[in-house]
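Here are some notes to read alongside the structure.

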Amino acid sequence: MRRTVNPASLLALAAAVGCATPEAPRSAATASSPRIAEAALEADNPLRPLPVPPLGVAAELADLPFRVTPEKVRLGRWLFFDARLSDDGKVSCATCHDPAHGFSETEPVSTGVHGKTGKRKAPPILNAAFAIYPVWFWDGRASSLSEQAKGPMANPLEMGMSHERIVAALKAIPGYRRYFAEAYGDDRVDLDRAAEAIASYEATRFSGNSAYDRFDAGDEQALTPPQRAGRDLFFGKAACKACHLGANLTDSRFHNLGVGWKEPSPGADPRTGFSDPGRAAVSGRSEDTGAFKTPTLRDCSRRAPYMHDGSVASLREVVDLYDRGGTRNPWLSSEMRPLGLTPAEREALLAFLLALDGEGFLDVAPRLFPR
Ligand code: HEC
Ligand code: HEC
């Protein structure tokens with residue numbers, strides 16, 4: 001029943017948000033001989049065997065609808081970190097999707113090309129190719145190719161990264177041709193190929209083998225006693241599992257927790273209480289007002305602040321928010337109700353959230369890029 005993501009989507013997604021990176025990459029051609037430069041370039045971003053999914057990730061790269069190869073992953077890794085693909089030459093995917101923060105960011109909302117600020121925070125890209133449902137973005141507006149194509153047009157932040165501009169920027173770097181040929185058999189540079197390479201790189205960013213996964217696999221000692229109590233609460237009294245379930249601890253559905261709600265002035269349309277309408281803007285259904293996609297909880301400790309607008313500063317405050325039953329508003333999810341947690345229970349839940357830190361995704365930017 002698991003469906004997977006169409007690779008072309010990933011780049012279109014990126015385009016839609018102005019998915020764009022500080023610091024221009026350093027030159028690969030500093031060495032006097034081109035062959036030496038090439039050897040240095042390749043040593044800096046070598047072909048690596050495809051990673052084995054860690055414990056807890058019940059998916060294989062071979063299950064994906066596109067063939068992931070070491071050659072595509074290498075190319076995709078360069079592209080993901082290459083700021084030259086943005087309008088101002090300063091922004092890459094990694095600017096907002098920072099490996100050190102679970103491929104998310106520590107800013108409440110993203111800043112794109114020319115310092116433009118958006119309204120939403122960059123979600124993590126972890127086990128991303130293995131979502132239960134292929135819905136992307138906080139409002140799920142990307143779910144099929146045709147829908148996605150509209151995204152970039154609709155989003156003003158996209159300007160810096162239209163498809164034509166990405167391809168033009170890539171073609172202006174002759175050094176890439178060799179690696180497109182390595183990945184695809186000939187040196188044609190186009191958007192589909194670039195998208196598939198980036199998607200291949202993203203698909204290798206696994207998160208698993210966390211204390212939570214090891215406990216589930218039978219290692220009783222993997223969780224501390226408070227973490228075990230937190231796990232019982234998560235799947236029991238606190239009912240987090242109503243929305244955070246499955247291997248990625250998300251249902252890939254949309255819910256209103258009241259995040260972002262500000263009581264509108266009397267007489268005003270209640271919908272104006274949410275400056276970001278969330279899912280409703282996509283579905284056109286007023287009952288989806290203020291509903292956002294459930295994010296994965298894997299590695300959540302690494303990406304404060306939280307929620308679609310980064311408005312909740314810490315995991316402790318997240319737990320408090322749930323304990324209060326969310327923020328009351330006309331569209332609050334019926335699953336949200338005050339939990340009546342004791343202080344010890346709140347600590348336990350917090351401890352459990354830290355047990356979701358996994359491994360398999362960490363990376364750093366390559367130092368050298370094709371020229
Ligand atoms: C300027 C910051 C920024 C840059 C640069 C950026 N992104 Fe994003 N990305 C975001 C934001 C913000 C969202 C959420 C947008 C929304 O929900 O409307 C997002 C969403 C995504 C998602 C969907 C994740 C999910 O769980 O729904 C993917 C995948 C993604 N970006 C990939 C990329 C790729 C690939 C690049 C580079 C080509 C990129 N991004 C560049 C900010 C950025
Ligand atoms: C009704 C569905 C639902 C329930 C129940 C629920 N969550 Fe969530 N959770 C969400 C949604 C949706 C978001 C994102 C909301 C937003 O950004 O507006 C979220 C966000 C979070 C985040 C922030 C993640 C990030 O990357 O920003 C954490 C942490 C979290 N939930 C933990 C929990 C815990 C712990 C519980 C149980 C006490 C719980 N959730 C119960 C749906 C739910």
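1. A definition to begin with: angles under 35 degrees count as roughly parallel, over 145 as roughly antiparallel, 65 to 115 as roughly perpendicular and the rest as oblique. Axes are lines fitted to C-alpha atoms, for helices over the stretch in contact, and angles run from 0 to 180 degrees between N-to-C directions.

2. Some housekeeping. This is a predicted model, in which local features need pLDDT of at least 70 and side-chain atom pairs count only at pLDDT 80 or more, while totals for chains, interfaces and linings use all residues. Residues are numbered from 1 along each chain as its sequence is written, and chains are lettered from A and ligands numbered from 1 in the order in which they are written.

3. The overall picture: the protein has 13 helices and 2 strands, taken as DSSP runs numbered from the N terminus (helices H or I, at least four residues; strands E, at least two). Of its 371 residues, 46% are buried. Here buried means 20 or more other C-beta atoms within 10 Å of the residue's own, exposed means 12 or fewer, and partly exposed is in between, with C-beta atoms placed from the backbone.

4. Helix α10 (residues 225-235) packs against α13 at about 95°, their axes 7 Å apart; the two are therefore roughly perpendicular. The contact brings P226, Q227, A229, G230, R231, L233 and F234 of α10 to E345, E347, A348, L349, A351 and F352 of α13. It divides into 8 nonpolar, 2 polar and 3 charged residues. Contact means that the C-beta atoms, placed from the backbone, lie within 7 Å. Ala, Val, Leu, Ile, Met, Phe, Trp, Tyr, Cys and Pro count as nonpolar, Asp, Glu, Lys and Arg as charged, and the others, Gly among them, as polar.

5. Helix α13 (residues 343-354) also meets α12 (residues 315-323): their axes come within 10 Å and cross at roughly 130°, which makes α12 oblique to α13. On the α12 side are L315, R316, V319 and D323, and on the α13 side R346, L349, L350 and L353. That contact holds 5 nonpolar, no polar and 3 charged residues.

6. Do look at the cis peptide bond between A304 and P305, with omega about -5°. A304 sits in the loop between β2 (292-293) and α12, and P305 has its place in the loop between β2 and α12 too. A304 is partly exposed, with 18 other C-beta atoms within 10 Å. Leaving aside residues up to four places away in sequence, A304 touches T106, A313 and S314. Its C-alpha atom is 9.3 Å from that of S104, 200 residues away along the chain.

7. Two backbone angles also deserve a look. F103, not a glycine, has a positive phi of about 60°, and N127, also a residue other than glycine, has a positive phi near 50°. F103 lies in the loop between α4 and α5 (145-154) and is buried, with 27 other C-beta atoms within 10 Å. N127 is found in the loop between α4 and α5 and is buried, with 27 other C-beta atoms within 10 Å.

Key
Two residues are in contact if their C-beta atoms, placed from the backbone, lie within 7 Å.
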